[in-house]
Amino acid sequence: MRRSDLRGPARSTPAAPPTPAAPSTPAPERTRSRKRSPAPEPEEAEATVSRSSLKVRPAQDQPSRRRSSGATATGGSRWRSLLGLRQPEVDTQAVRRNDPPASTGGRSTRLRPELPTITLPRVQIPAAITQGGARLLDLTGERIKPLADRAAPVWRPVASTLAWVSPLGWTVFVLGLVSWWLASRYGWAELSMIAVACLVLFLACVALAIGHAKVEIRTDVDPTRVTVGDPATGRIEVRNLSGRGMLPLLVELPVGRSAARFTLPSLGSGKSHEELFVVPTERRGVIQVGPATTIHGDPLGLVRRTMEWTEQTELFVHPLTTSLEPLGAGLLRDLEGQVTPDLSMSDLAFHALREYQPGDDRRYIHWRSSAKHDRLLVRQFLDTRRSHLAVVVDTTPEVYTGEDAAVELAISCAASLAVRSIMDEQDTTVVCNDQQISRQTAPLTLDTFARASVGPVDVFGSAGDSAALAPDASVAILVTGSHRPFIQVQRALAQFEVEVIKVALVIDPDAQVGVRHAGGLTILTVRELADLRRVLFSGALA
């Protein structure tokens with residue numbers, strides 16, 4: 001860009017007087033340069049507008065720059081080059097879009113140079129350092145572990161003893177040591193008194209925790225299996241086995257997620273004390289009771305030493321169940337099991353006689369009937385097998401209306417079917433989330449339902465596990481919610497054999513109770529536990 005392009009259209013800065021050797025400019029040309037040029041073409045007009053937007057004020061409008069305008073321009077370029085700033089490139093298209101079509105009053109805006117952006121490089125730790133550190137930790141762990149195992153008889157008692165002291169106790173101990181050091185260094189009597197008080201208090205608390213109580217503690221929970229809502233009580237008995245009296249003792253007994261604390265009175269030699277407690281059974285599950293521990297320490301909580309005296313006891317809270325009619329009502333039984341409509345060539349249930357066909361076993365030819373009818377007749381049997389019920393429970397809360405409450409209802413329905421099947425002396429297989437059981441008694445089967453957790457489950461995988469546990473199943477039931485797609489239920493139950501009766505028990509509090517058939521499945525819909533007996537009364541499992 002030339003300096004002449006930066007001059008204003010109205011007035012220009014007077015040029016320096018020419019040297020004698022330089023030729024002077026002719027007057028006509030000078031006069032012609034002052035004349036107004038004709039109107040430019042559209043393209044030239046746009047160029048004029050874009051160029052005028054870059055013009056600076058004349059020297060008379062800028063008093064501070066009137067003396068050395070040319071020096072200022074060259075100096076600015078010089079400073080930009082020294083500072084490493086490049087001259088901003090002019091975008092004529094941007095000027096045409098943003099600037100007004102014509103300048104008024106002979107003034108124009110000046111583009112400010114854009115500041116350069118600085119991008120800091122991302123700090124990355126070399127891979128060699130990270131991999132070397134990981135290898136160093138592995139080697140250190142491999143070498144230290146054998147040494148730690150060998151020195152375990154030495155450091156484990158020390159570590160267990162140091163664990164007696166609570167954070168408050170360590171704070172008091174450190175405060176006493178720091179106060180003792182400051183008092184000895186600066187001679188402060190007040191700090192020495194604080195140090196003595198803290199250290200004496202700490203030692204007294206340690207002395208109270210060192211004592212060992214000779215006691216015998218027994219815990220009982222009766223009964224160990226209850227149904228949701230049934231009362232369950234526990235008993236804890238403490239007996240003093242020492243030859244002298246025992247001071248009041250604090251006994252802690254964990255019960256589920258909470259803990260019961262008992263402050264026992266002073267007991268003489270050979271005396272015992274008994275406490276009763278109630279176990280909450282509002283929810284299905286397994287409640288861990290125990291172990292009973294005694295707490296030795298000080299009232300301030302600086303030192304706390306616990307000793308375990310009993311084992312852990314499990315209290316099973318079974319799901320609610322309802323009484324059902326026998327699942328095999330109206331069907332005949334024989335020595336081998338339950339009769340089915342499938343025909344067989346070798347069994348105990350005789351059905352009829354038919355003509356001999358090539359390939360039939362000659363042992364089953366009925367010779368007397370063949371002699372009467374003058375043709376070979378063979379015996380035809382009904383296939384008999386022992387009934388086996390397979391139950392799969394879908395515990396995914398999202399497929400139920402009501403989520404957790406509906407899942408508990410589904411588990412209750414499955415438990416009712418399993419108990420009824422076991423009472424009918426049928427084999428029973430249950431797959432409920434992460435719990436599986438097959439061919440066991442009713443209490444153990446209900447224990448499995450009590451242990452089952454609520455959470456997402458793969459229905460197809462659970463049905464496959466059930467089919468593997470019960471390859472001879474005669475009835476397969478999938479308990480699920482109304483939001484489970486029907487195609488998934490159908491694919492899950494299709495893993496059982498063709499002759500197996502496949503039932504989908506749908507829990508839906510908003511649907512109508514009933515029985516329907518679709519896609520080779522028997523679909524039972526219930527809203528509450530009492531509806532299960534109604535839908536099974538029609539012989540849906542027959």
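1. Helix H12 (residues 459-469) has five residues to look at first: Val459, Ser462, Ala463, Ser466 and Ala467 are its buried residues. Seen down the axis of H12, they fall within an arc of 140 degrees, so they line one face of the helix. The arc is taken from the directions that run from the helix axis to the C-beta atoms. Buried means under 20% relative accessible area, exposed means over 50%, and partly exposed lies in between (1.4 Å probe, protein chains only). Helices (H or I, at least four residues) and strands (E, at least two) are DSSP runs, numbered from the N terminus.

2. A word on the source. This is a predicted model, where local features need pLDDT of at least 70 and side-chain atom pairs count only at pLDDT 80 or more, while totals for chains, interfaces and linings use all residues. Residues are numbered from 1 along each chain as its sequence is written, and side-chain values use heavy atoms, with hydrogens and water left out.

3. What does the buried face of H12 pack against? The partners of its buried residues are strand E15 (388-393), strand E16 (427-432), strand E18 (475-481) and helix H13 (486-493). Contact here means heavy atoms within 4.5 Å. At the start of H12, Asp458 places a side-chain oxygen within 3.3 Å of the backbone nitrogen of Phe460. A polar contact is a pair of N or O atoms within 3.5 Å; within protein, one must be able to donate a hydrogen and the other to accept it, and residues adjacent in sequence count only if both atoms are side-chain atoms.

4. Now H13. Its buried residues are Val489, Ala492 and Leu493. Viewed down the axis of H13, these fall within an arc of 90 degrees, so they line one face of the helix. Their cover includes H12, E18, strand E19 (501-507) and strand E21 (521-526).

5. Gln490 also sits in H13. Gln490 is partly exposed, at a relative accessible area of 26%. Its side chain reaches the backbone oxygen of Gly519 at 2.9 Å. Leaving aside neighbours within four places in sequence, Gln490 is in contact with Gly519 and Leu521.

6. Thr396 belongs to the loop between E15 and helix H10 (404-423). Is Thr396 buried or exposed? It is buried, with a relative accessible area of 9%. The side chain of Thr396 reaches the backbone nitrogen of Val457 at 3.1 Å. Not counting residues up to four places away in sequence, Thr396 touches Val407, Gly455, Pro456, Val457 and Arg484.

7. The structure holds one cavity of 30 Å³ or more. On a 1 Å grid over the protein atoms alone, a cavity is a set of points where a 1.4 Å probe fits but cannot get out; lining residues have an atom within 4 Å of a point. The largest cavity has about 40 Å³ of space. Its lining is Glu216, Arg218, Glu237, Val238 and Arg239.

8. For the whole protein, the secondary structure comes to 14 helices and 21 strands. Buried residues make up 34% of the 542 residues. Of the contacts with a separation of 6 or more, 67% are between residues 24 or more positions apart.

Key: 1 Å grid on protein atoms, 1.4 Å probe; cavity = no way out; pocket = protein on both sides within 12 Å on 5 of 7 lines; lining within 4 Å. Points joined across faces, edges and corners; volume = space filled by probe spheres on them.
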